[in-house]
Amino acid sequence: MRVANLNGRLVLLDGDRALDVATTSSGAFGPDPQTAYVSWESFAEWARGADFAQAVPFDAAQLGPPVPAPSQVIAIGLNYREHAIESNLAIPDAPAVFSKFASCLTGPVGDIPLVPGNVDWEAELVVVIGRSGRGISVADAWSHVAGFTIGQDISERVLQTSGPAPQFGLAKSFESFGPTGPAVVTVDELDDPDDLAIGSSLDGEVMQDSRTSELIFPVAELVSRLSHVLQLRGGDLIFTGTPSGVGMGRTPPRFARAGQELRTRIEGLGEMRHRFVAVDSATRV
Ligand code: ZN
């Protein structure tokens with residue numbers, strides 16, 4: 001099942017067609033995309049039996065963030081060994097956790113304004129929570145996951161590393177610094193949800209190329225560990241960390257320039273396309 005946000009309305013996707021949920025369910029679910037994750041189990045049961053007869057072709061540029069208003073956007077740093085090494089930081093023995101602010105979330109196609117500083121890319125697998133909980137065991141963790149989507153944890157490195165305590169939350173939450181999409185894909189659609197190819201490219205040049213099986217703390221362990229501190233709620237997002245190949249870790253470092261196209265892909269989830277633009281010419285979303 002692929003759940004998306006088309007022009008602000010909850011839809012199910014099937015190939016190149018979209019089915020409006022509020023219309024098809026006679027108002028039982030939607031139209032706000034976030035409502036799917038408030039009552040995920042009953043929505044998923046309805047969606048599995050949905051009749052796609054009324055589905056219509058759609059333009060990917062009209063897709064918004066599939067989970068537009070999460071109560072929490074949790075992010076994990078240094079969760080791939082090679083990325084910790086390129087960052088000249090130790091391999092963590094517990095997840096390094098920070099937060100992105102939800103106002104930075106945007107959809108899978110669009111512009112990313114180049115704020116002053118060094119703007120960098122981070123392709124990430126994003127977990128979408130379906131069932132709320134605290135103290136979740138690793139064995140139960142998957143039952144709390146609605147699905148996955150692709151994320152970019154866009155980061156401005158000067159602010160991120162400034163001051164006596166790192167400014168991760170601010171430096172990764174500028175306007176449009178949280179692209180997500182194209183859809184939330186349920187894990188039953190994936191052959192092995194713990195082993196998906198993940199990567200990014202800049203103007204066609206491969207920047208990142210890894211697999212999610214390289215995660216130091218894999219999905220079920222992250223859900224469990226986080227839930228022993230936080231209450232995870234339906235519709236929360238977990239950005240699970242980025243593989244090596246970010247601009248900051250290169251010799252010499254490379255950062256985004258106006259006009260460059262960033263593509264981000266994860267096996268089974270699809271692809272996102274964004275263009276870095278000068279702040280003044282950014283299309284507001
Ligand atoms: Zn990140």
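1. In this predicted model, a salt bridge links the side chains of Glu41 and Arg131, with an N to O distance of 3.3 Å. Two salt bridges are counted between domain 1 and domain 2. Residue pairs in polar contact between domain 1 and domain 2, with both partners at pLDDT 80 or more, number three. On the side of domain 1 that touches domain 2, strand E1 (2-6) and helix H3 (40-48) each contribute at least two residues. That side of domain 1 is made up of five nonpolar, one polar and three charged residues.

2. The domain assignment places residues 2-58 in domain 1 and residues 73-283 in domain 2. The centres of the two domains, taken over C-alpha atoms, are 25 Å apart. Contact between them involves nine residues of domain 1 and 16 residues of domain 2.

3. The extent of this interface can also be expressed as an area. The size of an interface is often given as the accessible area lost when the parts come together. For domain 1 and domain 2 the buried area is about 950 Å², and carbon and sulfur atoms give 51% of that area. Within domain 1, the residues that lose the most area to domain 2 are Arg2, Tyr37 and Trp40, which together account for 63% of what that side buries.

4. Several details of the backbone deserve attention when the model is inspected. Most residues other than glycine have a negative phi, and most peptide bonds are trans. Gly30 and Pro31, however, are joined by a cis peptide bond with omega of about 0 degrees. Pro31 belongs to the loop between helix H1 (21-24) and helix H2 (35-38). A cis peptide bond also runs from Gly181 to Pro182, with omega near -5 degrees, and Pro182 is part of strand E14 (residues 178-185).

5. Ser176, a residue other than glycine, has a positive phi, near 65 degrees. Ser176 is situated in the loop between helix H6 (168-171) and E14.

Notes
Residues numbered from 1 in each chain as written. Predicted model: local features only at pLDDT ≥ 70, side-chain atom pairs only at ≥ 80, totals over all residues. Heavy atoms only, no water. Domains from an automatic or database assignment. Contact = heavy atoms within 4.5 Å. Buried area = accessible area lost by both parts, 1.4 Å probe. Salt bridge = Lys/Arg side-chain N within 4 Å of Asp/Glu carboxyl O. Polar contact = N/O pair within 3.5 Å; in protein donor to acceptor, adjacent residues only side chain to side chain. Helix = DSSP H or I, 4+ residues; strand = E, 2+ residues; numbered from the N terminus. Nonpolar A, V, L, I, M, F, W, Y, C, P; charged D, E, K, R; others polar.
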